[in-house]
Amino acid sequence: MNLLPRLCRLSCFHGLGCRPSIGIGSVHGVPSCSPSGSPAAGATKDSRWVILNELVRRKNDAVVADAKTMAAESPTSTGYHLRIYFSHAAPPASSSLYYDWAGSAPGAQEYAGEPEIIAAHADSVLFQIKQRLRGSSHHTSDYFVYSTSAAKPPTLSPIPAIPSELVEPHRCNINMWSTGLLRCGEDELMVVHLDLMTDRPRETAYLYVLRFSRREWELKPAVPIVVDEGGTSNEPVQNQMPQTTDVAVPVGDRFMCWADYNRSGLLLCDMAEASPKLRYMPLPVIPHGGYGYYDDGYVPDKEHSRKICAAGANSLRFVSIDPRCCCGHSPSRSSCPHGRVSFTVTTWTLTLRTDKAMKWVKESTIDCEEIWALPGYKGLPRVHPEFPVLSSADPDVVCFMVHDEKRKTWVVEFDTRSKTLLSVIRGYVEPRSLPANLRC
């Protein structure tokens with residue numbers, strides 16, 4: 001077995017030279033996305049949701065963005081004026097935010113990289129932009145929320161960073177792993193940051209909450225973490241608590257969830273409670289092993305083969321793509337030639353409650369042979385899918401990416417309940433793409 005360094009994969013997929021461009025060629029008679037990001041002619045054209053790229057890219061002449069998606073400009077902390085555009089594409093194609101500067105733009109010595117999306121919910125997106133301080137090697141982070149819907153003009157609103165008096169030095173950092181955005185009704189938004197405080201008792205955490213109506217951060221210290229009675233783990237409580245999280249997921253207008261795909265756990269908080277608690281719930285399946293590059297194939301790691309998404313106002317949907325031994329053993333990579341790329345796609349639903357125990361309910365299991373046998377899949381690579389994205393409009397629908405040995409990539413849209421392939425396009429899914437409901 002030849003396990004290539006993980007860095008090799010990351011440098012290829014995240015490097016501009018290796019990333020495939022959307023809009024080249026077609027597959028199975030389905031035209032690909034145009035360079036402007038318009039949806040493929042054969043796509044389902046579900047306008048109720050979008051797959052949002054994780055990066056905010058610089059707008060250029062090749063980007064076609066509807067003028068009504070341009071937000072009013074907003075000043076940064078260094079005095080430059082930022083503008084944001086939204087370029088819509090129907091799934092399984094990806095949508096993107098783009099930016100430019102009104103008036104003068106910061107120079108190379110004042111600029112610290114592309115803006116990055118942190119979180120999204122409903123019609124709003126939270127992102128950060130880093131700028132170097134003049135005459136210093138340090139940088140400052142500015143945070144903005146971009147909102148757009150069919151009924152209202154788009155807005156771009158700066159939000160304050162968590163003030164230093166609320167946190168210990170170098171402790172708290174708004175980021176895409178532990179910070180979530182929650183739309184609470186038409187006129188209220190929350191930004192919620194979770195700090196698990198690994199140097200303190202593991203049965204408590206800190207929550208930092210910013211309400212847009214108040215525009216100031218509130219610290220909720222020593223929030224208790226309790227184990228939900230519906231969990232099946234026999235480990236001691238202190239061993240079950242996650243040390244880090246991979247994603248923050250908003251549900252409805254009151255729940256925030258944080259998932260740890262590696263340790264296989266979920267933290268749930270009802271933000272409507274006056275004295276909130278974090279409820280720990282194990283994920284329904286343990287993480288698979290044996291991921292990485294091999295001479296005879298590739299198995300995506302856990303963060304790239306699992307995804308959690310809201311499924312209505314009070315439910316979560318979880319999808320896990322796991323290697324399958326062709327001999328029918330427990331989830332693991334098979335050593336026989338036929339089973340080295342075999343996998344299953346399994347989905348579960350969790351109804352969120354605060355008054356009684358919760359329980360995962362298995363919704364579907366699809367074997368790779370069922371997917372490969374579909375007429376629309378003919379000619380596509382028979383490999384492990386990666387970067388699944390669950391639809392925020394229909395949780396039975398999942399989009400995922402496959403690639404061949406030459407790094408050509410396709411995005412597949414699949415209905416897990418009816419076991420039908422909805423569409424296939426040439427394209428790419430960013431590792432941390434988010435479902436959102438942005439509208440033009």
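Visitor: Hi! Is Cys269 buried or exposed?

Guide: Cys269 is buried in this predicted model, because its relative accessible area is 0%.

Visitor: And how many disulfides does a search of the whole structure find?

Guide: The search finds 0 disulfides. For Cys269, the nearest cysteine sulfur belongs to Cys257 and is 9.0 Å away. A disulfide would need the two sulfur atoms within 2.5 Å.

Visitor: Okay, new topic. Which residues have the most contacts inside the largest nonpolar core?

Guide: They are Leu52, Leu82, Ile84, Leu97, Ile117, Phe127 and Tyr146, in a core of 22 residues. Among the elements giving two or more residues to this core are strand E8 (116-121), strand E9 (124-132) and strand E10 (139-147).

Visitor: What is Leu52 in contact with, leaving aside its neighbours within four places in sequence?

Guide: Its contacts include Phe86, Leu97, Ile117, Val125 and Leu434.

Visitor: You mentioned E9. Why is it called largely enclosed?

Guide: Because 7 of its 9 residues are buried, E9 is largely enclosed by the rest of the structure.

Visitor: How many bridges join E8 to E9?

Guide: There are 5 bridges, and the two strands run antiparallel. Ile117 stands opposite Phe127 in this pair. The hairpin of E8 and E9 has 2 residues between the strands, and Ala122 takes a positive phi near 55° there.

Visitor: And how does E9 pair with E10?

Guide: E9 and E10 are antiparallel as well, with 9 bridges. Here Leu126 stands opposite Val145 in E10.

Visitor: What holds paired strands together, in general?

Guide: Strands of a sheet pair through backbone hydrogen bonds, in a parallel or antiparallel way.

Visitor: Last one: where does Ser74 lie, and is it buried or exposed?

Guide: Ser74 lies in strand E5 (residues 74-75). Ser74 counts as buried because its relative accessibility is 3%. Not counting residues up to four places away in sequence, it touches Tyr80, His81, Leu82, Phe144, Leu156 and Pro158.

How values were computed:
Residues numbered from 1 in each chain as written. Predicted model: local features only at pLDDT ≥ 70, side-chain atom pairs only at ≥ 80, totals over all residues. Heavy atoms only, no water. Helix = DSSP H or I, 4+ residues; strand = E, 2+ residues; numbered from the N terminus. Buried < 20%, exposed > 50% of the residue type's maximum accessible area, 1.4 Å probe, protein only. Contact = heavy atoms within 4.5 Å. Core = buried A, V, L, I, M, F, W, Y, C linked by side-chain atoms within 4.5 Å. Pairing = 2+ DSSP bridges.
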